[in-house]
Amino acid sequence: GTLPTELAFASQLTTLSVARASFSGSLPPAWRALGALTALDLSENRLTSGLEPGSALWTLTRLRALVLSGNEALPGPLPTEVSRLSRLRSLDLAQCALGGQLPTEV
């Protein structure tokens, strides 16, 4: 299935792990409301997008840890928008289909 849009109603949520939940597709645009998130684990799903410019992911500016590993269909390259996550201390992109170079902003 797809990631639930309804999670956006939990706007004070600080940690979210939906690892190994067989989700596919992309991050719902409504997830922009999850601005309090400091840790997000989406590992071992079947995400096929979500890193593109304009993605809800780049609005989660309080993130300190982001785990996307094991999303083997997740394409790249990593866009310059990753620099918006200035508090990010841990980024796991292992076993993703990312290509290209890291942005100089990283």
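These legends describe several close-up views of a predicted model. Residues are numbered from 1 along each chain as its sequence is written. In this predicted model, local features need pLDDT of at least 70, side-chain atom pairs count only at pLDDT 80 or more, and totals for chains, interfaces and linings use all residues, while side-chain values use heavy atoms, with hydrogens and water left out.

**View 1. Four arginines form a patch of positive charge on the surface.**
The members are R62, R64, R87 and R89. A patch is made of residues with over 30% relative accessible area and no salt bridge; like charges are joined within 9 Å, and nonpolar side chains (Val, Leu, Ile, Met, Phe, Trp, Tyr) within 5 Å. Lys and Arg count as positive and Asp and Glu as negative, with His and the chain ends not counted. Each charge is placed at NZ of Lys, CZ of Arg, CG of Asp or CD of Glu. Accessible areas come from the Shrake-Rupley method with a 1.4 Å probe, and for residues only the protein chains shown count as cover. R89 sits in the loop between β5 (65-67) and β6 (90-92). Strands (E, at least two residues) and helices (H or I, at least four) are DSSP runs, numbered from the N terminus. R89 has a relative accessible area of 64%, so it is exposed. Exposed means over 50%, buried under 20%, and partly exposed in between (1.4 Å probe, protein chains only).

**View 2. E81 is buried without a salt bridge.**
A salt bridge needs a side-chain nitrogen of Lys or Arg within 4 Å of a carboxyl oxygen of Asp or Glu. For E81, the nearest side chain of opposite charge is R84, 4.4 Å away. E81 lies in the loop between β5 and β6. Setting aside neighbours within four places in sequence, E81 is in contact with P53 and W58. Contact means heavy atoms within 4.5 Å.

**View 3. P75 and S49 come together from separate loops.**
P75 belongs to the loop between β5 and β6. S49 belongs to the loop between β4 and β5. The two residues are 26 apart along the chain, yet their C-alpha atoms are separated by 6.7 Å. P75 also touches T48, L51, A97 and L98, not counting residues up to four places away in sequence. By the same rule, S49 contacts G25, S26, L27 and L74 as well as P75. P75 is partly exposed because its relative accessible area is 41%. S49 is partly exposed too, at 22% relative accessibility.

**View 4. G50 is buried in the loop between β4 and β5.**
Its relative accessible area is 3%. Beyond four places in sequence, G50 is in contact with S26, S55, L57, W58 and L74.

**View 5. A cis peptide bond joins G76 and P77.**
Omega is about 20°. P77 lies in the loop between β5 and β6.

**View 6. R20 and E44 have positive phi although neither is a glycine.**
R20 has a phi of about 55°. R20 lies in the loop between β1 (15-17) and β2 (24-25). At 65% relative accessibility, R20 counts as exposed. E44 also has a phi of about 55°. E44 lies in the loop between β3 (39-41) and β4 (46-47). With a relative accessible area of 36%, E44 is partly exposed.
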